[in-house]
Every structure is written in structure tokens, then in C-alpha cells.
Amino acid sequence: MLWLAFKTLFHEKGRLIITLIGITISTVLALIEVAIYLGMMGNATAVIRHTDADIWIGSKNIQSFDFALPFPEHRINQVRAFSDVQWADKIILTFAFVKLADGRREQVQVIAYNPDTGVGAPWAMLEGRAEDVKGGHYMILDKTSEQRLGRLELGSQWELTFVKEHSFKLVGLSQGIKSFTTIPVMFMSYNQFQPLLADMALANHTAYIVAKLKDPAQAQAVAQALRVALRDNDVFTRDEFVYQTVMYWTVQTGMGMAFFLTAILAVLIGGAIVGQAIFAFTMEHLREYGTLKALGARNSDLYLVIFSQTVISAVIGYALGVAIIFLVRDGIEQAGVDLYVSPILLVVLFFTLLLVCLAAAYVSVRKVRMLDPVTVFKA
Amino acid sequence: MTAVLEVKEVSKVYGAGAGKVVAVDAVTLGLSKGEVLLIMGPSGSGKTTLLSIMGCILRPTSGEVRVAGKMVTTLGEEELPDIRKNHIGFVFQAFNLFPSLTAAENVELVLRLKGYDRKKIKAQALELLDKVGLVKRAGLYPADLSGGEKQRTSFARALAGDPPIILADEPTANLDSRTGREVLTLLRTLAEAAGKAIAIVSHDPKAEELAHRVVFLEDGRLKT
Ligand SMILES: Nc1ncnc2c1ncn2[C@@H]1O[C@H](COP(=O)(O)OP(=O)(O)O)[C@@H](O)[C@H]1O
Ligand SMILES: [Mg+2]
């Protein structure tokens, strides 16, 4: 019966094309929305995910990675005192302004890390090395920040405003490291940047203490013990901190949610289009289904026809949609929007779309099941 | 002669109360191998309803239907498709060909449905179309066939898989009178050649000449 499904589906090219356009458009919409959402969440949690630490300790009631408040750095000793802790390090995260060539100021997100250990360092370097920030007012900017900051030339001096003005020299370029807020990320040495905090009466403060455990499987237990020891801090395992950050941007700000809901909507609309197309198709061929029944086809044969037509349409439409995404992807990313398209996303989205399509086709199946073969004798 | 298809005291009642219609009223009828039976009667007399019951498409309200000696009225819903598939070929007034299939593919469809060897069905379909004189038109879609060609294609389809019984409801109603005669002659020739049991519903006078036996229906009742 698969044979019949193919023949009828491809015989009516007009209807097939309309169905395919529907599925393709909703695939593209859903995929773009989800990929943008995942891209944003990927950026929001990039530093956490790329830092080789099992535990993140931030200020009390911290909402997300981007909003860390300074706390005294000596608490690292309490962390190091834990026998489960292999090493602990500090990372500063704060915001400052840089002066552009034309005199305007742009906000930047400062990440100050230990260049000796590389904990919190940029993980994808285009030019220079992460350890180059050591020993002076040196910094690394991301290549993608050129859109905001203008040309980034190694060796150029940049004026940084953090309470007072300080001059930093650009010694490296990272590649594709962005913040959720799209504010340019500026990496520098912890030891060089920390004294600047003194101007805010926050001498010897840090934004994060991160720790690597001897046994990462113990992360939950160690985090719990650290919570007891560090009452003025919030302690997370790496996964918890990723989750906290994602939830903050998705639920609390609603920004991610908008993308998420649009994606779901696109999938549902796609399903509705396919369902409606398959239903109209079934209605137009009701007489043929009746004839099939009279000729001795079982209901299951007819379901096979309808469902396989649905699956064929879904597969072709989805493949076209994915192809379009890969064609336009570069253009979209050049415009500064990150698309995160992973094989898992493609698989999950396909099955979601397929499920919605099949659910919609089920309406047709019910219609055909109720169909009385006596209708075949109607003139 | 043994009847390959028998209906005994079958009735079909539609609706209830004041709107109740007795479409078929206690009809007893047998159809034998090699026989062409013509069922005549005015419009609304229950011909199509009777034929549907004979074809195991419609369940009678009461009475018995036997196909090849097997009682089908007591069979479950899931067993009836197989009875139709294995015993009965249908010919419809409106041909009911599949527009997205060529004439040959329309015949193939039934062979596929009946589980014939995929490699042989193409040749078999052509052979059947040859019997109805359509082998040259095998590759055309129904939209490109004349009415007579469509009906001949549907004969070939009804013969596919060699069912012992052929049931035809007003096979000439959509054809001009000359084509109608040709088609009926063909039907009779096929029946005799292959020893089919054929029941035709028609009020075409030409059908009377070709039938071995004629029965009349009036208000659902058989008049002999
Ligand atoms: N599905 C149905 N529901 C109700 N009444 C029906 C139905 N099918 C047929 N009838 C009635 O049964 C009677 C016989 O119909 P039918 O068998 O189609 O007659 P014929 O084929 O001889 O014209 C008619 O009065 C018709 O209105
Ligand atoms: Mg009728």
C-alpha cells in the first residue's frame, strides 16, 4: 500500500507542493527560533561550560552568571581546606566602559582570570595566547566585538573606565566568545584587574571562586558541605549554575521564553498545515478509500496509506527546511545572531514535527475508519 | 447448479419509526457459476442495497448470506474484507478508478491487495487489459480514457485475482447506448469464458437480452 501512497501523493503535485511549503516554513521557523534560543543560552553559559571547574561559588542570591557581586577573596582558603577540593581559583566578572576611536563609550563585560592556571581564560583564540594577559594592563577581546568596538588591532591601547580611567593594551583576539547580553567580553589578568576594585572600596574581592574536585562525582555532596561553610555565598555545581543561568534568562526575564514559545507555535502551525493538507487530501480521495474498502482492503491498509503520506511529506518538508537553514545560517550569524544547530536538535525537532503531523493525520484516519464502503455505489 | 452466492430471507431496514424504510424485504436469491443474473427494478426499489448485501459490503438487518457455502452474516467486521477480496469483483456505475494510477496500475492495485507476486503483477495486469481489449491504453490515466475504456478497465480490475463472483451496479448508466451494449456483451463473454457468476443491476433493455435470468425488485421485494 506504500506504493499507492506514493502514487497518489506525487500525482497531485500542486497539493504536494502546498503541503511541503507548509512543513518547510514551519521547520525553518521552529528551527531558527530554537537555534537562536539555544545559541543565546549557549553564550549565557559559555564561560561556565568551558571552565574546568566542578563547583561555582558566587555572591549570595546571585541570579545568573552575568550578575555576580564581589565578595572577599580570602574565602578561597575555606574552599581549599576541603580535602575533596583538588584546586580552587578566582574569577572576576564585572562591567566597565571602553572608549572607542570616535570618543563614544561602549560597555564591556570584564572577565579577569588567573593566566598561570588558565581557569576562566578564553578557550578559543584567534590571535595571541590566553596567557599573554599576564604581567601588565593587557587584555583580550573577541573578534566578533569588532561590530561594536571597531577595528581590533593587536598592540592597540584602549581606555577602560572603571571608576577611574586605565589604559589596557590589546594582546589577543578570541573567537566567538560572546555574552548573553551581546555586550563585548574583555578578558584580562586577575592580578592586574583586581587592584582596580579598590576604587570601589572592594579591595581583595572576587566575583567567583571556582573549584575542581578530586572526584567530580562528589560535586553534589561537596557543594552541600560548602553551603554550610560559606553562609554568605551561593554554591553551585557546574550543572546547577548552568541551569540557574538558563532559567534566569528563560523564565525570569522571559527573553528566552519568547523564542521558546515561538518555536513551539511554529511546530504546531506546521502540524496544523500538514494535518489540514492531509485531511483535505483524504476528503478528496474519500471515494477511493471507499473503493479500496470494497475491494477488500482493511482499515489498517488505509491507515498505512494516510500515515505514510504524512511521513513522506514530513520527511521531505523537513529536509527542505533544514537545507534552507544551512544555506542562510552564515548570513544570520554574520548579522550577529548565533544559531546553535546540533544533531540532537535536528532529531528532536524532526520527531516533534512528525508527532504533530501524525496527530493531525489521525483526524483523517478516523474519517476513513467511519467511511461506509456502500458509498462506492453512489453515482 | 450449485450457487456460489446465496441470500436467504435478507432484509435491510433503514431508520426507525415513521421514517423507517424497508429497502430490501425478505429476498431469497442464488447466483450460480457461469450465470449472468440481471436485477431490474425502478429507482429506489432496493437494487443497490441488495447488491451491497450480496457483496458483503452491507450487513442485512436480518437473513443469511452465504459465499462459496460459507455463512458470512455471522462473521466479524474484520473478516469481511477478506471475503470481498477473495470472492468478489466489483464493477461500479461511476467506475471508481484511481485517478493517480494508470489503467494498468488500477488493475495492479487489486493484485497487490491480493498479495500476488510483485514481479508477475505487471504482466498479469496487461494480460487482463488484453482480455478487455485495452492493452494499448494500459499506460494512460483514467482522465485520458473514454467512458467505455474506463468501464472496461474496471472489468479488468474486477477480474484481477480471478474472483468467482462479479457484481456490477448499473455498469452502463454512464455510457452511451452503443458503448453500453459493447460493455455488456464483453461482460457476458467473460462470464462464459471464465465461468464467473455475475449479477448485474441495470434497467438497460439491452441487458435483458444478454442475461440468463432476470429478477425484478419492487419496494424491496422480489417479483418473479
Ligand atoms: N443509507 C441509507 N439510509 C437510509 N435510506 C437508504 C439508504 N440507502 C438507501 N436507502 C433507501 O433505500 C431504498 C432503496 O435504495 P437503493 O437500494 O439505492 O435503490 P435502487 O438502487 O434500486 O435505486 C430507497 O428508498 C433509499 O432511499
Ligand atoms: Mg442504485
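The legends below describe close-up views of a predicted model.

**View 1. Residues around ligand 1 in chain B.** The shell around ligand 1 is made up of Y14(B), V21(B), A23(B), P42(B), S43(B), G44(B), S45(B), G46(B), K47(B), T48(B) and T49(B). By class, four of the shell residues are nonpolar, six are polar and one is charged.

**View 2. Backbone contacts of ligand 1 with G44(B), G46(B) and K47(B).** An oxygen atom of ligand 1 lies 2.7 Å from a backbone N or O atom of G44(B). At G46(B), a polar backbone atom is 3.0 Å from an oxygen atom of the ligand. For K47(B), the distance between a polar backbone atom and an oxygen atom of ligand 1 is 2.9 Å. Taken on its own, ligand 1 has 560 Å² of accessible area, and the protein covers 59% of this. In chain B, β2 (21-32) and α1 (47-54) are the elements that give two or more residues to the shell around the ligand. Of the elements, α1(B) gives the most, with three residues.

**View 3. Helix α11 of chain A, residues 299-334.** This helix has 36 residues. From its first C-alpha to its last, α11(A) reaches 52 Å, close to the 52 Å expected at 1.5 Å a residue. At V328(A), α11(A) bends by about 45 degrees. G336(A) follows the helix and has a positive phi, near 95 degrees.

**View 4. A salt bridge between R178(B) and E182(B).** The closest N and O atoms of R178(B) and E182(B) are 3.6 Å apart. Both residues belong to helix α6 (residues 177-194) of chain B, and they are separated by about one helical turn because they are four residues apart. An α-helix has 3.6 residues a turn, so residues three or four places apart point the same way. Over all chains, the structure holds 32 salt bridges.

Methods:
Residues numbered from 1 in each chain as written. Chains lettered and ligands numbered in written order. Predicted model: local features only at pLDDT ≥ 70, side-chain atom pairs only at ≥ 80, totals over all residues. Heavy atoms only, no water. Near = heavy atom within 4 Å. Polar contact = N/O pair within 3.5 Å; in protein donor to acceptor, adjacent residues only side chain to side chain. Areas by Shrake-Rupley, 256 points an atom, 1.4 Å probe, with all protein chains shown as cover. Nonpolar A, V, L, I, M, F, W, Y, C, P; charged D, E, K, R; others polar. Expected span 1.5 Å × (residues − 1). Bend = angle between axes of the 7 residues up to and from the residue. Salt bridge = Lys/Arg side-chain N within 4 Å of Asp/Glu carboxyl O.
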